[in-house]
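User: I am new to reading structures, and I would like to learn how the words used for them follow from the values. Could we go through some examples together?

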Amino acid sequence: VVALVHSHHLLDHKPDNLLLKGGKYKLRGLACLGRPGVALCIGPQVAIDNFQASLESAMPQKKFDQTPLNEGGNVARLNAIRDFEPATLGELRQCLASIGREAIFFALTGIDPSQAAASGEKAGKVGKKNKKKK
């Protein structure tokens, strides 16, 4: 079974770091802290449910959802993932795109797909403008 377990935001501190512990539940996949906090979980459904339950128990103030990815897309490409590893949002996007599920990435993050295509282009200078002293 392949599923995403996600919450609105999980930052780099306890107990949010529990998102990185999917391997403890015999899961393979990727985990990404941030807004949103997302774990791509590969393993038995009961293990994914137990992982989500542990997150909900440790962080009752946060709402966790599970999005199955088995239907449609080529999830067999995920067989190369051998462990449960931390990832960036960019790596998660690439992974979902590789199985034809990039639209889910955009739905979770709220990023406009038309704007995301332009994000790799040179945006010009960034920084403070120099002011002349009088």
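Analyst: Tyr25, Phe51 and Phe84 form one aromatic cluster. This is a predicted model, in which local features need pLDDT of at least 70 and side-chain atom pairs count only at pLDDT 80 or more, while totals for chains, interfaces and linings use all residues. Residues are numbered from 1 along each chain as its sequence is written, and side-chain values use heavy atoms, with hydrogens and water left out.

User: What makes Tyr25 and Phe51 an aromatic pair, and why is the pair called tilted?

Analyst: Rings of Phe, Tyr and Trp (its six-membered ring) pair if their centres lie within 6.5 Å, and planes under 30 degrees apart count as stacked, over 60 as edge-to-face and the rest as tilted. By this rule there are three aromatic pairs. For Tyr25 and Phe51 the centres are 5.7 Å apart and the planes make 50 degrees, so the two rings pair and the pair is tilted. The pair links distant parts of the chain, with Tyr25 in the loop between strand 1 (2-7) and strand 2 (28-32) and Phe51 in helix 1, 26 residues apart; helices (H or I, at least four residues) and strands (E, at least two) are DSSP runs, numbered from the N terminus.

User: Why is the pair of Phe51 and Phe84 called edge-to-face?

Analyst: The centres of Phe51 and Phe84 are 5.8 Å apart and the planes make 70 degrees, so the rings pair and the angle falls in the edge-to-face class. This pair, too, links distant parts of the chain, from Phe51 in helix 1 to Phe84 in strand 5 (residues 84-86), 33 residues apart.

User: How do you know that Lys62 is buried, and which residues is Lys62 in contact with?

Analyst: The relative accessible area of Lys62 is 15%, so by the cut-off Lys62 is buried. Lys62 lies in the loop between helix 1 (45-58) and strand 4 (65-68). Leaving aside its neighbours within four places in sequence, Lys62 is in contact (heavy atoms within 4.5 Å) with Ser7, His9, Leu10 and Asp16.

User: Why is Ile99 called buried?

Analyst: Ile99 has a relative accessible area of 1%, and therefore Ile99 is buried. Ile99 is placed in the loop between helix 2 (89-98) and helix 3 (102-109).

Definitions and conventions: Buried means under 20% relative accessible area, exposed over 50%, partly exposed in between (1.4 Å probe, protein chains only).
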